[in-house]
Amino acid sequence: MLIDTHCHLSNSDYENVDEIVKRMKGVMIVAGCDDKTNLEVLELINKYENVYGVLGIHPEYVMKKNSYKIIENNLTHPKIVGIGEVGLDYHWDKEHKKEQKQLFINQIELARKYHKTVVVHSRDAIEDTLEIVSKYPEVKFVFHCYSSSLEIAQELVKKNIRLGIGGVVTFKNSAKLKRVVEQIDLEYLLLETDSPYLTPEPYRGKQNEPANTLYVAQKIAEIKGISVDMVIAKTGENAIEQFDLPISL
Ligand code: NI
């Protein structure tokens, strides 16, 4: 089953979210970043059968007022399948590393309490991210839009952590990520789009949407020398297991 394990479907990005959802012939996991988008996630999961959600406060919003309550109050909702996207982003903001770490840790602890997967965003901050993640071996993590080295990918896999692979893998200049996809067992890969960002080829430059997950699957199949159907089936199983999705195959 084609599962986009990470996308954002906010009214502020799309003119018509309904159309975007309907075009995806598969399942989507929509991620929140702040109060506004977390509330939108809740609306979407209640409206569409094939939409699940994760709730979280993104490091970009570390200095804004956002509520943990919206997250915690909904973690028992059967269609809220994780916490995200959360993590560290030193590309956006190098000034508040301490606050970012605290925000990340607080949300990991919520995930531990409710046995949820944490969807991690890590940009220019892989060492600090690893240091924190390593302190929580009992918590399940996914590294969304994975972009670090093969060596770090291997380290994550040893900790049973899966990597979200998005449109970047289709870009010409993504040799490093292609090597990760080639070397890491399919068991540890998940498909994602990170819509509305990072549109895969052949639509790079246009607005991204979950239906484009297919192009990510095609590229992974090409790199690994296996069929697209096998990539879709296995990554679908991986996502169902990872997020405890109530879907039978
Ligand atoms: Ni994202």
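**Close-up views of a predicted model**

**View A. H115 lies in the loop that runs between helix 4 (97-114) and strand 5 (117-123).** Helices (H or I, at least four residues) and strands (E, at least two) are DSSP runs, numbered from the N terminus. The model is predicted: local features need pLDDT of at least 70, side-chain atom pairs count only at pLDDT 80 or more, and totals for chains, interfaces and linings use all residues. Residues are numbered from 1 along each chain as its sequence is written, and side-chain values use heavy atoms, with hydrogens and water left out. H115 is not a glycine, yet its phi is positive, at about 55 degrees. Most residues other than glycine have a negative phi, and most peptide bonds are trans.

**View B. The nickel ion has protein donors from H6 (NE2), H8 (NE2), E85 (OE) and D194 (OD).** These donors (N, O and S atoms within 2.8 Å of the metal, or 3.2 Å for Na, K and Ca) lie 2.0 to 2.2 Å from the nickel ion. Water is not among the atoms, so the site may look incomplete. Angles among the four donor atoms run from 86 to 178 degrees, and the site is irregular. The donor residues follow the spacing H-x1-H-x76-E-x108-D in sequence. E85 is part of strand 4 (residues 80-89), and the peptide bond from G84 to E85 is cis, with omega near 5 degrees.

**View C. P202 sits in the loop between strand 8 (189-191) and helix 8.** The peptide bond leading from E201 to P202 is cis, with omega near 10 degrees.

**View D. Helix 8 (residues 213-224) crosses helix 9 (residues 228-243) at roughly 115 degrees, with the axes coming within 8 Å.** Axes are lines fitted to C-alpha atoms over the stretch in contact, and angles between N-to-C directions run from 0 to 180 degrees. Helix 8 is therefore roughly perpendicular to helix 9 (65 to 115 degrees). In contact (heavy atoms within 4.5 Å) are L214, A217, Q218, I220 and A221 of helix 8 with V228, V231 and I232 of helix 9.

**View E. Helix 7 (residues 175-183) and helix 8 have axes that come within 9 Å and cross at roughly 70 degrees.** Helix 7 is thus roughly perpendicular to helix 8. K178, V181 and E182 of helix 7 meet K219, I220, I223 and K224 of helix 8.

Key. Parallel < 35°, antiparallel > 145°, perpendicular 65-115°, else oblique. Tetrahedral: all angles 85-135°; square planar, octahedral: opposite > 155°, others 65-115°.
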